[in-house]
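Hi everyone, thanks for coming. Could you put the sequence and the model up on the screen, please?

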Amino acid sequence: MDKLRLDRTQKIAFSRIISDLIEADFIVEESEMDFFEEIVDENSISEPMLVEAKKMDLAKAVSILKELDEERRKKIIECLKDLALSDG
């Protein structure tokens, strides 16, 4: 996955959405966590940002990411799709 050009708030919002996606089926697979760690590393998402992401309302996270330009929204959607398929 290419690095997304996101500011701190956008990274927090993105983290909220990807963590919700992983937890959606109540089963966290190792492949999902590996993919998650790759996303976090490639996009310089820090531990404090991950903590803040858990406190952010999902609707707010979506609202923040909706404001991105079309190219970055497409990259995020592609990433979410890859994450959703990572557990087979």
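This is a predicted model: local features need pLDDT of at least 70, side-chain atom pairs count only at pLDDT 80 or more; totals for chains, interfaces and linings use all residues.

Residues are numbered from 1 along each chain as its sequence is written, and side-chain values use heavy atoms, with hydrogens and water left out.

Okay, charged pairs. Side chains of opposite charge can pair when their charged atoms come close. I call it a salt bridge when a side-chain nitrogen of Lys or Arg is within 4 Å of a carboxyl oxygen of Asp or Glu.

Let's look at Arg 16 and Asp 20. Their closest N and O atoms are 3.1 Å apart, and that makes a salt bridge. Both sit in helix H1, residues 8-23, and they're four residues apart, about one turn of the helix. By the way, helices are DSSP runs of H or I with at least four residues, strands are runs of E with at least two, and both are numbered from the N terminus.

Is Arg 16 buried or exposed? For that, buried means under 20% relative accessible area, exposed means over 50%, and partly exposed is in between, using a 1.4 Å probe and protein chains only. Arg 16 comes out at 16%, so that one is buried, while Asp 20 is partly exposed at 23%.

Next, Arg 72 and Asp 69: another salt bridge, at 2.7 Å from N to O. Arg 72 is buried, with 17%, and Asp 69 is partly exposed, with 31%.

Now move to helix H5, residues 70-85, where Glu 71 and Lys 75 are four residues apart, about one turn. They form a salt bridge too, with the closest N and O atoms 3.6 Å apart. Glu 71 is partly exposed at 43%, and so is Lys 75 at 22%.

Last stop, helix H3, residues 47-55. Met 49, Leu 50 and Ala 53 are buried there. They cover an arc of only 100° around the axis, so they're on the same side of H3; that arc is taken from the directions from the helix axis to the C-beta atoms. On the other side of H3, Glu 47 and Lys 55 are exposed. And what do the buried residues of H3 pack against? They pack against H1 and helix H2, 30-42, where contact means heavy atoms within 4.5 Å.
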